[in-house]
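Hello,

Here is the structure I said I would pass on. Please open it alongside this note; the findings follow below.

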Amino acid sequence: MAALNPFTPGSSFSLFVSSTSARVALPTLGGDTLRTINVGTAEAFINFGNGNVTATGGINMSMPGSRVDVFTIPGSATNVAAVSTTGTTTTLRFTKGWGA
């Protein structure tokens with residue numbers, strides 16, 4: 001049986017998502033895991049990268065509305081970007097931390 005590795009929260013932040021790609025810097029403190037909550041009903045597409053990262057609908061990772069997911073942050077990523085393609089805005093809430 002696999003050992004449980006519960007999520008331990010660190011820094012939290014938000015990103016307002018619209019039809020134009022937006023990005024936010026990842027906090028330097030915290031672990032390599034990002035708990036992500038789409039608090040709205042619009043689907044968002046997210047992408048990790050550097051200070052120039054953008055997100056593209058239909059190409060990057062889908063984050064459906066009213067969903068919670070946990071991602072491992074890629075080693076070189078300093079920012080996370082998101083975009084909505086439905087014409088509806090949403091807000092993503094992130095918590096950087098440790099575990100799953």
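**Sheet and ring pairs**

The open sheet has 4 strands, in the order 1-8-3-6, with antiparallel pairing. Keep in mind that this is a predicted model. Strand 1 (8-17) and strand 6 (67-72) are the edges. Each has a single partner strand, so one side of each lacks a neighbour in the sheet. From one strand to the next, the twist averages 20°.

Now one pairing in detail. Strand 3 (residues 33-38) and strand 6 run antiparallel and are joined by 6 bridges. Leu-34 has Phe-71 in strand 6 as its bridge partner.

Next, the rings. Which numbers describe such a pair? The distance of the centres and the angle of the planes. The count here is 2 aromatic pairs.

- Phe-13 and Phe-94 are stacked, at 5.0 Å centre to centre with 25° between the planes. Phe-13 belongs to strand 1 and Phe-94 to strand 8 (residues 90-98), so this pair ties together parts 81 residues apart in sequence. Phe-13 counts as buried because its relative accessibility is 13%, and the cut-off is under 20%. Phe-94 is also buried, at 1%.
- Phe-48 and Phe-71 are edge-to-face, because their planes stand at 65°, with the ring centres 6.4 Å apart. Phe-48 sits in strand 4 (residues 44-49) and Phe-71 in strand 6, so the pair ties together parts 23 residues apart in sequence. Both Phe-48 and Phe-71 are buried.

Phe-71 is worth a look on screen: it is the bridge partner of Leu-34, and its ring pairs with that of Phe-48.

Best wishes

Methods
Residues numbered from 1 in each chain as written. Predicted model: local features only at pLDDT ≥ 70, side-chain atom pairs only at ≥ 80, totals over all residues. Heavy atoms only, no water. Pairing = 2+ DSSP bridges. Helix = DSSP H or I, 4+ residues; strand = E, 2+ residues; numbered from the N terminus. Axes fitted to C-alpha atoms, helices over the stretch in contact; angles between N-to-C directions. Phe/Tyr/Trp six-rings, centres within 6.5 Å; stacked < 30°, edge-to-face > 60°. Buried < 20%, exposed > 50% of the residue type's maximum accessible area, 1.4 Å probe, protein only.
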